[in-house]
Structure formats: structure tokens, C-alpha cells
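This briefing goes through selected features of one protein chain. The sequence and coordinates come first, and the notes follow by topic.

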Amino acid sequence: MPDLVRCKGSINADELHLSRAMVFAIEEINNSTELLPGLRLGYQIYDSCASVSMTVHLAFQFLNGLDPVIDAGKDCSQSGMVMAVVGESGSTQSISMSRVISPFNIPQVSPYATCACLSDKQQYPNFFRTIPSDQFQAEALAKLVKHFGWTWIGAVRSDTDYGNNGMASFLEAAQKEGICVEYSVSFYRTHPHSRIQKVADVIRRSTAVVVVAFVHSGDMRILLEELSREPFPPRQWIGSESWVTNPELRKHSFLAGAIGFGIQKSVIPGFRNFLLSLSPSQVAASTMLTEFWENAFNCTLKKDGAPQKNVCDGTEDIQTLQSSYTDTSQLRITNMVYKAVYAIAHAIHNALCTGGNTTAKCDKLTKLESKQVLSQLKKVSFSQNGYDVSFDANGDPVAVYELVNWQKSESGITEIVTVGLYDASLPVGQEFRINRNITWLEHSTKVPVSVCSNSCPPGTHKVLQKGKPICCYDCIQCPEGEISNTTDSADCLPCHKEFWPNAKRDMCIPKSVEFLSFQDILGITLATASVLGACLAIITAAIFFHHRTTPIVRANNSELSFLLLISLTLCFLCSLTFIGAPSEWSCMLRHTAFGITFVPCISCVLGKTIVVLMAFEARLPGSNVIKWLGPPQQRMTVVSFTFIQVLICTIWLLLSPPFPIKNLTTYKEKIILECALGSTICFWAVLGYIGLLAAFCFVLAVLARKLPDNFNEAKLITFSMLIFCAVWITFIPAYVSSPGKFTVVVEIFAILASSFGLMLCIFAPKCFIILFKPEKNSKKYVMNKN
């Protein structure tokens, strides 16, 4: 195997391990009777020193082949042009190499370059990889962060194509998941110490507990060494596959609990034996292996003609060497190299050979061109050691990651443990399969919390804090009449008009329905007063009927008195129609019954007043007025006045009758069942007509109040009308301003107060005389003749 191009610095055992995996795969293919039978693959290994300039230099170097094609019948180690490239490991170097070799249609298969930008076939038409793109990893990391409820994180990246592009994809995916980033900083291992120190200080001072690190393994080592210089608050590290599966970083104890995605572990039969089978002749023949051997055993291989110190004496046993070169416990990227070599071999096989694996025949004389290999690579699909290999239209494989967790064992050693799997090919929401317990920072089994603001409970909504990301907010209680029934609700929703929020404002409940019912104390009181008033009117009528022949009853127009008492009974009872849940019939009945029953009362009182006045006029010489005020005329007067009110109420019921409604505006938290007036004009016409009769009666009573007889009733009627008018004048503003069921209460109170006023003022003095002062129940007393 030819020597590596010399680079400054010491050899990287990990990269040597990967180059040996390529050699192992090639030798395995060359010894195979199924894949490329009768053909041997040649190879050349170059060391790019992780340098872009060196990568470009080497690309031009192997492009300057002697012949434009490879003759399969010749020895490839002597002449020929490169048909395919395995590498580079780094994304930046892979980008540079792809731009150089793509015009020559030379396919490039990288086992470790993950930059999503390399999936762009317009720019990199010759690029393939066996490791998933960072686009898949970035989306997986965002879903992982969201899965554990973290919305406030810090972000650190390598200042390379790998880090910058990977972090850009992650931040885009995180934004879609509603995750906020407190800070996003970048660095590279060759940056000044002050730059790396600044990044470390940002991590120390931040409030975000979770840190997502999209960092190269070598860069991560530099950052961790800087962080370990000073103590800092515990952080939950989320790692990209570049470093989270690197066992060399486990020495930093504060990384315990870290989780991230790694390439699937694999088994390559015979590979460990191959690594440990280095012979002295192999080591001596290769500058690369010589350097590795000398570094591993701290001795110098003897070279002819030069004095040596600490010469390797041949007792060095690679079987006992503990190094990343010999470590095959977690073959992750190694398998990517292995699959890359086999993918190229299958592409060449498909271009040169016909028949199946067991009957394949290859034409050794066919001249193979790199563009044929490029074309066949797009079609390869095979399985090697149980691992499927294929490429999509972008040259990417199916994205499958292991979810790994850094757990401390009982012995205190940090181990990288696989706790689950992520498969991007599964349906959305089913990509994760976590099958083991996860250990978090500080050896906790409880998922850490990393949020800018705590979750808003149901009943509240989020209000963003000015000048801060959307994850920083205050929890404000929902406004009156609105609810939120989910955690972290952005808005509150108004309840339906017949519902109202509960005390916690997390659900809508039916509004309480309110009306003046017979179960209310107020309703019971008013109903009792109504029945009592009706009973009182009936008792008074009974007393008057029993003493109907006495002077007091006869002197005060007994017929109108009985009619008045019957009307008052109906007035008291009509107030009962206002109590109870309004219905279509009760609404029409209560207002019309009230209007119609009050008119006979006022008509009777008016008739009494007119009779008193006319009776006094009749005693004057030459007056014949009394013949026009007999019982028939009095009855006709009452009927006529009542008929007018009946006509008004009939028009009201025909045009726009009262109807039940649900009042949703007076009180926000309850529904008032009440009767709408229908036509307000008719309602006020009914009241106005009653008021007109009452005012006319009051005026006549005032004129007759000083007539000489003891019981001409004028004084009593004056007081009763004064009370009646006062009650109904105060009723108007009280009725208009009273809320809810109190509107009905005011109306009932006005009916009862005016009815009791008429009862007590007109009939109480007479009943008192009849029952307790019978000596005054005489014609002499009534006529005021001593």
C-alpha cells in the first residue's frame, strides 16, 4: 500500500481505523467469488490532513492519471484512471473534492460527510453517501427536543459547513416545532482562545438548561476542555452524531446524561482479526503504519544506517493495545466505510458483469468509464451483513439513527448506551422507539425542565413578553366570558351566549336561569300578600253584604261598592300571574289582566265620586241631575270605561302581543326569563288610560272633599287616589331602571300597593264603624244631623 502524503501533527488513530476498514472491504471483495469474480480492485490512500487546500491538491493529483480509462485486463496499481472515490470524511473537504472531480463524472461516496447541502444534485451530481444527511438529523434533533417538552435551548455549532448548515437546518425545524433558542454561537478548533472562551462563557451564563451541540468531535474536545476550567451550572447536552458516540469524550464527567443520535452499531465479521493481524513487514512497508506503531508503543522502528534510541525490540503486541484503532465494540462510521466500498463494487459489478451472484460472468476486456460507475451507483440496492444499502434521488440513504445516552455505571465509568431508535421512513409521530430508561443530568431519572416560562394552565392564556422570543410569556387569566381548556393556550374562546365560564375559566357551564318563582322568598312574600289582599276584599264584601241594609252601606252606593270589591279581588289575584316562569300565555295574560281589572276599580271609584258630587247638586233647588245618575247609568259608566281598556288590550294582542324572552344582556353570568312587551305603545297606552281615569277621579275627589255629610266618601276617595297616583308615578322610573326579575317585582308591588291603598282608604273606616262603632251606623250620623 503506497505511503500517505505527509501532514503536520500526529496520526489520527480513528482515521487510520477507517482506512483499514476500506482495505479490509476491498480485500474481502477481491477474495469473493460472487462479487466481481476474477477481477481485483486496486486502491490508493491519500491523507488530506482535514485541510481543504490539501484535499483540492490531492484531487488534482489523482485526476492526472495516465490513461482516460481503466483496462480491466491490466494491473490497476501500475496504470489507470480513478473510477470512484471513498471519502472525504469532512463535509467541507467533500464539497471541495466534489467540485473538482464532478466535471470528470467520477463518483464520490462519503462515509461521514453529512452536510445537507451535498444533497443538491445541481451542484454535486456525483456525490453519494452511506451516512444520512444532516437534514434528517436536524429534524430528528428538533423532534427529540420537542418530545421531552424543552422549548428554551442553547445552540452551539462548529464554524464549518457541517456545523453551520446542520445548525441552520436544526433551527428551521426547531422553529416549526415552537422551540426558542436563547443563543446560537459558533467556533472552530483553530480560532483564538478568546473566541472559544467567549463561547464557554455564554453557555455558563445562559438560563437554558438544554444545549444542542452540532459540533465536530475535535471541536467538541476543545470546548469541553475550556468548560472544565471553571465550574458551571448543570447542562443537559444534546449531541449530533459527530461527537455523541465518541468514547474519547467520556472523561468529562459533566457530560453524563447527554443524549443524541448516532449511526447504528454494526458487526463486521473478521474485521477485528484483520486489525490485529498487522505483520512487521506490513508496518515497515507503510509510512502511515510505521508512524502509528511508533506512537502506539512509544518506540522507534530501526532503519538502516541511522542510530536509534528506544528501538522497538519486536515484543510489542498489538493484541494488548488499548486504542481507538483496535476498538470494535461500536462499529458505526466503520460500517459506513464498509458499505461505501461495497456500493462502488456493486456498481462496477453491474457495469461489467452479467448474471446473478452465483453465475456472474465479468468481461475483463471491457473498458470501464467512471460515468458508467456513476450511473450504476444510482441504481445499487443490496444487503451486506444484514444492512441494506441504497441511495435515493439525492444520493442519500434511508435515515435510521440510534438514540444514545451517556450513563454512569456503578463503577463510575460513563458508558454510551443505546436507549432507542429513530427511523425517518416511519409515519409522522411514530419515528421514535424508546425502549430503555434514560439517565439525565446529575444522574437524575426525571426529565429536566428547560423553558423560558412555565406552562400556562387552563383558564389562562399566553401574553408575549415585549422584546423576547415567543417562548417567553406571561400567563394572564381569560377575560370575563371567555375560557381556555388547554395548556399553553394562545387565546381564550368566548362561551356560547347561553353559557358562562366556571370559576377556573376552563370550561363553559350553562348560565343559571332566573325568574320570579313561587320558591323564592320574594315570590312567596308577594304571593302571600296577593292572596291576603284578595281574602281581605272578599271578607269586606261579606261584611258589607251582611250589613247591606245599614245606613253606611246604603249611603255609599252599595252596588258600586260591591263591584269595586270584586274588581279589587281580581286585581289582587292578577298579580299572581306575574310569578312563575314566563310562557306565551302567561305573558299575554299578566299584562292584559292587570290592565283590564284595574279599570273597573278606577271606574267604580270615579262613579262614586261623581255620585257624591251630583247628589250634593241634587239637593239644590231646581236641580234634576240625580235622575241621570241612577244604578243603570252607573253600571253603564263602568262598562263603558272597561270596554275601552278591553279594546286597547285586544288591539295589543292582535298587533304585537307580549311574548317570553331570554334576557342575556342585563346580567352576563345568568339568563333572565321575562316577558317582552311586544308593542310598547300599547303597554303605555294601557297604563296611560288607567292613569287618566285615576287623575280625573282624583280631581273630582278633591273638589268634593269638603262637602258637609260625614260619609260622602270624598275625603276617603281623595286619599285613596293620592296613594294610587303616587304609587304609579313612582312605578315608571322604578320599572324602567329595575334589572332582571326586579322589574316584575316592581310591577307586582305597584299593583298590590295601589290595591291595598284603595281597600284601606275606602273600606277600612266603614268596616271599623260597622264592626266596632255600631252606634254610628245610623242615618242621623251619616247625615250629620245632631
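**Helix packing and local features**

Helices α16 and α21 are roughly antiparallel to each other, as their axes cross at roughly 155° and angles over 145 degrees count as such. The model is a predicted one. The protein contains 22 helices and 26 strands, and 49% of its 786 residues are buried. Of the contacts with a separation of 6 or more, 67% are between residues 24 or more positions apart.

**α16 against α21**

- Helix α16 covers residues 558–574 and helix α21 covers residues 742–772; their axes come within 9 Å.
- The crossing of this pair, α16 and α21, is left-handed.
- On the α16 side, the contact involves Ser-561, Leu-564, Leu-565, Leu-568, Cys-571, Phe-572 and Cys-574.
- On the α21 side, the residues met are Ile-751, Leu-752, Ser-755, Phe-756, Leu-758, Met-759, Ile-762 and Phe-763.
- Sorted by class, the contact of α16 with α21 holds 13 nonpolar residues, two polar ones and no charged ones.

**α14 against α16**

- Helix α14 (residues 521–546) also packs with α16, at an angle of about 165° and with the axes 8 Å apart.
- That angle makes α14 roughly antiparallel to α16.
- The crossing of α14 and α16 is left-handed.
- From α14, the contact uses Ser-530, Gly-533, Ala-534, Ala-537, Ile-538, Thr-540, Ala-541, Phe-544 and Phe-545.
- From α16, the contact uses Ser-561, Phe-562, Leu-565, Thr-569, Phe-572 and Leu-573.
- This contact of α14 with α16 is made up of 10 nonpolar and five polar residues, with no charged residue.
- Ser-561, Leu-565 and Phe-572 of α16 are listed in the contact with α21 and also in the contact with α14.

**Helix α6 and its surroundings**

- Helix α6 spans residues 193–205, which is 13 residues.
- From its first C-alpha to its last, α6 reaches 18 Å, close to the 18 Å expected at 1.5 Å a residue.
- Ile-196, Val-199, Ala-200, Val-202, Ile-203 and Arg-204 are the buried residues of α6.
- The elements covering these buried residues of α6 include the strands β5 (152–158), β6, β7 (210–214) and β8 (236–239), along with helix α7 (217–227).

**Ser-186 in strand β6**

- Ser-186 is part of strand β6, residues 180–187.
- Ser-186 counts as buried because its relative accessibility is 11%, and the cut-off for buried is under 20%.
- Leaving aside residues up to four places away in sequence, Ser-186 touches Arg-157, Asp-159, Arg-195 and Val-199.
- Val-199, one of these neighbours of Ser-186, is itself a buried residue of α6.

**Backbone features in loops**

- The peptide bond joining Gly-87 and Glu-88 is cis, with omega about -5°.
- Glu-88 sits in the loop between β2 (85–86) and α3 (91–101).
- Cys-49 is not a glycine, yet has a positive phi of about 60°.
- Cys-49 belongs to the loop between α1 (13–30) and α2 (52–63), and its relative accessible area of 29% makes Cys-49 partly exposed.
- Asp-488, also not a glycine, has a positive phi of about 60°.
- The loop that holds Asp-488 runs between β20 (482–483) and β21 (493–494), and Asp-488 is partly exposed at a relative accessible area of 27%.

Notes. Residues are numbered from 1 along each chain as its sequence is written. This is a predicted model: local features need pLDDT of at least 70, side-chain atom pairs count only at pLDDT 80 or more; totals for chains, interfaces and linings use all residues. Side-chain values use heavy atoms; hydrogens and water are left out. Axes are lines fitted to C-alpha atoms, for helices over the stretch in contact, and angles run from 0 to 180 degrees between N-to-C directions. Helices (H or I, at least four residues) and strands (E, at least two) are DSSP runs, numbered from the N terminus. Angles under 35 degrees count as roughly parallel, over 145 as roughly antiparallel, 65 to 115 as roughly perpendicular and the rest as oblique. A crossing is left-handed if the near helix is turned anticlockwise from the far one by less than a right angle, and right-handed if clockwise. Contact means heavy atoms within 4.5 Å. Ala, Val, Leu, Ile, Met, Phe, Trp, Tyr, Cys and Pro count as nonpolar, Asp, Glu, Lys and Arg as charged, and the others, Gly among them, as polar. Buried means under 20% relative accessible area, exposed over 50%, partly exposed in between (1.4 Å probe, protein chains only). The expected span of a helix is 1.5 Å times one less than its number of residues.
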